[in-house]
Structures are given as structure tokens and as C-alpha cells.
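Work through the exercises below with the sequence and model at hand. Each task is followed by its solution.

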Amino acid sequence: MFTWNKEQSEYWNNALFDTREEAIKEAIYCGYLDFYIGETETIPLRTDASVDRILEELDQNYCNESGCDYNIYEGVLEKDIKWLEKKLSKTIKKFHKRANIKPNWYTVFSEEHIVLTKEEAKQLRAEKITLPCNTGDTIYLRAACECLCSDINVCPFEDECTESECNGTTERIFKTTIKSIYNDGSGFMITPEYLDIEIPINDIGKTVFLTEKEAIEHLSNKGGK
């Protein structure tokens with residue numbers, strides 16, 4: 001994966017792209033001729049939970065409930081602690097997959113300084129940038145009901161909602177359309193119809209989906225409709 005930055009810095013916060021060429025085109029689209037391209041490595045999610053801390057909490061809760069005055073896990077062998085650590089790590093990995101939790105942070109391990117002439121930039125910019133979606137496309141995403149645009153008096157999703165009572169924080173899968181696509185200087189963003197949120201276009205296929213089947217598969221296990 002690749003990203004870009006307008007200057008050489010330890011802080012990189014622009015969108016990620018599958019190829020170096022896509023990152024270069026994005027920088028040009030944002031108006032830069034002199035910029036940096038970085039090759040990235042995703043920072044993996046941690047799964048090494050502290051077994052000692054977990055057992056300490058379990059012991060404290062048990063002692064508070066039972067009146068026990070000694071650590072019930074004090075004599076546990078080191079090999080059994082290691083066994084539990086491995087089991088917990090595997091369980092947390094399964095949880096991340098079930099809940100569709102993926103790492104969004106990255107480090108840049110290789111930098112390349114790009115300097116283009118106006119003519120070079122014009123030629124590169126003329127090459128079509130292929131986006132994964134278009135204005136008007138149907139999308140599915142999970143959001144809280146409080147994300148509805150404030151100027152909406154009647155919820156457009158009321159007829160299909162399964163919640164008997166909504167307090168605004170209720171989360172559900174919304175089926176809506178793409179109202180607009182624009183570039184905010186760091187990458188392309190999507191604004192969905194009826195919802196007062198902005199979504200990075202690179203979230204297509206991660207937290208936003210173009211088919212109901214994908215949405216149900218990746219989002220329904222988080223609760224709600």
C-alpha cells in the first residue's frame with residue numbers, strides 16, 4: 001500500500017492506495033508538484049492480552065463475592081499461563097474477524113521524493129482515475145440514527161426500522177445512495193444521502209458496501225438490523 005505527503009515529515013495521514021501510481025495521481029489532483037510518496041506497512045492489531053491482569057481481576061471479583069482471602073490463581077504453573085495466553089490470542093483474532101475490526105493505522109518504511117513539471121503533472125492527471133463507485137450508487141453502511149441530517153423531520157428509514165423505540169444512539173445498517181463524491185485534499189470522500197457524515201472512499205469494501213449481501217456478511221454481526 002502507498003500514501004503521499006506534501007512534505008517530508010514523520011506525520012503521514014493521507015489515504016492509502018493500492019499502487020504508487022494511484023498515490024501520485026492523488027497528490028497531483030490535490031494540486032502538488034513537489035511531494036513525497038511513502039510505501040506503508042499496516043500496524044497489526046494487538047492480541048497479546050495480559051493474562052496476569054485478567055486473572056488478578058477475576059480473583060478480586062471472586063474474593064469480593066465469596067469472602068475468599070487468598071489469591072486462588074497463585075499456584076498456577078507458568079506452562080498453564082502460557083497455554084492461556086495462546087488461547088486468548090487466538091480468541092481475540094477470531095473476535096476481530098467476527099466483528100470486522102481491521103487495523104487502519106500504518107507506518108511508512110520507504111519514502112520517495114517526487115518533483116514534476118506542470119507538463120508531466122498534466123499528462124498524469126489526464127489519465128483517468130478509476131473510482132470504486134459513482135454518485136447515485138446504492139451503498140450499505142452502519143451508523144447511528146443520530147447521524148441523520150438535522151433538517152429531516154420524518155426519518156426516511158422509519159418503515160423498515162425494526163427498533164420499537166429510537167433514542168438517536170441506535171445503530172443500524174442503512175441502505176442509501178451516494179449524494180456526492182469530492183476530494184478534500186487528502187483523498188476522495190463520499191457523502192451519503194440523508195446522513196450527515198463523510199466517508200473516505202477507500203472504506204468501500206471495508207465498512208461501506210455496494211451490495212446487501214456484503215453488508216449483511218460484514219456488518220450484521222455488530223448488532224442492530
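Angles under 35 degrees count as roughly parallel, over 145 as roughly antiparallel, 65 to 115 as roughly perpendicular and the rest as oblique. The model is predicted: local features need pLDDT of at least 70, side-chain atom pairs count only at pLDDT 80 or more, and totals for chains, interfaces and linings use all residues. Residues are numbered from 1 along each chain as its sequence is written, and side-chain values use heavy atoms, without hydrogens and water.

**Exercise 1.** Determine how helices α1 and α4 are oriented to each other.

Step 1. For α1 (residues 20–29) and α4 (residues 118–126), the axes come within 10 Å and cross at roughly 115°.

Step 2. α1 and α4 are therefore roughly perpendicular to each other.

**Exercise 2.** List the residues that make the contact of α1 with α4, and sort them by class.

Step 1. With contact meaning heavy atoms within 4.5 Å, α1 contributes Ile24, Lys25, Ile28 and Tyr29, and α4 contributes Ala121, Leu124 and Arg125.

Step 2. The classes are nonpolar (Ala, Val, Leu, Ile, Met, Phe, Trp, Tyr, Cys and Pro), charged (Asp, Glu, Lys and Arg) and polar (the others, Gly among them). The contact has five nonpolar, two charged and no polar residues.

**Exercise 3.** Describe the secondary structure of the protein chain.

Step 1. Helices (H or I, at least four residues) and strands (E, at least two) are DSSP runs, numbered from the N terminus. The chain has five helices and eight strands.

Step 2. Along the sequence, their pattern is β-α-β-α-α-β-α-β-β-β-β-β-α.

Definitions and conventions. Axes fitted to C-alpha atoms, helices over the stretch in contact; angles between N-to-C directions.
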